[in-house]
Structure formats: structure tokens, C-alpha cells
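Here is a model to look at, followed by questions on the terms used to describe it. Each answer sets a value against a cut-off.

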Amino acid sequence: MHKLNLPDCDLRTKEEEGNQYIFDIVRKKYLVNTPEEWVRQNFLHLLINHLGYPKSLIKMEFPITYFKSGKRSDILVLKRDLHPFMLIECKSHDVKLKEDTLKQASVYNKIVKADYLAVTNGLNHHVWKFENDTYKPLPSFPPYPSTTKSD
């Protein structure tokens, strides 16, 4: 698979009947290793192994209903009180992150109401803080919130 702009990680892969699979450490199962799944799994390892986000509070391909239509967000990180902390939309490395990518993620976030929104294609990563009905770009990913009364 394509080299990404993410820290190296030890991903479990296998080939079966001519298909490549990658192990999802959250869902604890092998998935077809598409270019988007490659980005999703590498980014998942960044969240857990480098940013310290708790694996038990990460939901993969979280279902969202939008205007009676079923959609799925790629990664949803919850706070300890189960309030959505960050919604992350992953794209294949060959998909340019443009305004429509942010629009898609922000539509999902209208339902989810996460504090942060991020998009990545494995090469470029963008994160915004959602406050006062607007998105403020951040220079880096926020630390996972410590347990406080405001969480």
C-alpha cells in the first residue's frame, strides 16, 4: 500500500483468495484493505499509539442518519462521558482534500455534534474546533481531554 504522512505502525495484514485484508484493532476483525481502509487504519494507530486516545472510546464507521439517509462517519472519538469529542473523515491517499470533503464531514457533524472535526487522506490532515457554530482551524490535533468536571 501507499506510503502515508503518518508515523510507521505495525499493521496486521493477510492475503486470502487473492484479496488483501487489514486487521482493525477496534472492531477486532480483518477488513478488505482498500486505499481508504489503509488510511483509516494507519490514522487509527496515530490516534491510539501517538496521541493517547483511548481505543475503547473510538467507534469505527459510526452510523449516522441524515434526512432519512443512512451514512457512516469513518472514525468517531468519544469523551469519557460519551459525548462526541472528534469526528474524522478519511479519504484515500489519491483523493485531494477540498471544500467538499469538509462539507461532507461538517454535515455529519451537524448530527453528531463533536467538539472537533478532522479530515485526512493519509498525506494531509486538517482539524478544526467547532465552537459558536463555526469551525476554527487548528495547527495540530488536540490532546485527549483529561477527566474534569467540564468533560
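Q: How do you know which residues and atoms the values refer to?
A: This is a predicted model, in which local features need pLDDT of at least 70 and side-chain atom pairs count only at pLDDT 80 or more, while totals for chains, interfaces and linings use all residues. Residues are numbered from 1 along each chain as its sequence is written, and side-chain values use heavy atoms, with hydrogens and water left out.

Q: Which class does Glu-36 fall into, and why?
A: Glu-36 has a relative accessible area of 27%, and therefore Glu-36 counts as partly exposed.

Q: What makes Arg-40 and Glu-36 a salt bridge?
A: A salt bridge is a side-chain nitrogen of Lys or Arg within 4 Å of a carboxyl oxygen of Asp or Glu. The closest N and O atoms of Arg-40 and Glu-36 are 2.7 Å apart, so the pair forms a salt bridge. Both residues lie in helix α1, four residues apart, about one turn of the helix. Helices (H or I, at least four residues) and strands (E, at least two) are DSSP runs, numbered from the N terminus.

Q: What makes Lys-79 and Asp-115 a salt bridge, and where do they lie?
A: Their closest N and O atoms are 3.1 Å apart, so the pair meets the cut-off. The pair links distant parts of the chain, with Lys-79 in the loop between β5 and β6 and Asp-115 in the loop between α2 and β7, 36 residues apart. Lys-79 is buried at 10% relative accessible area, and Asp-115 is buried at 19%.

Q: How many salt bridges does the structure hold?
A: There are 11 salt bridges. One of them joins Glu-89 and Lys-91 at 3.6 Å, N to O; both of these residues are buried. Salt bridges that share partners join Asp-24, Arg-27, Glu-36, Glu-37, Arg-40, Glu-61 and Asp-74 into one network.

Q: What makes a set of residues a nonpolar core?
A: A nonpolar core is a set of buried Ala, Val, Leu, Ile, Met, Phe, Trp, Tyr and Cys residues joined through side-chain atoms within 4.5 Å. The largest one here has 39 residues, and those with the most contacts inside it are Tyr-53, Ile-58, Ile-75, Val-77, Met-86 and Ile-88. Helix α1 gives the most to this core, with seven residues. In soluble globular proteins, nonpolar side chains tend to be buried together.

Q: What does Met-86 touch?
A: Contact means heavy atoms within 4.5 Å. Not counting residues up to four places away in sequence, the contacts of Met-86 include Tyr-53, Ile-75, Val-77, Tyr-116 and Phe-141.

Technical notes: Buried means under 20% relative accessible area, exposed over 50%, partly exposed in between (1.4 Å probe, protein chains only).
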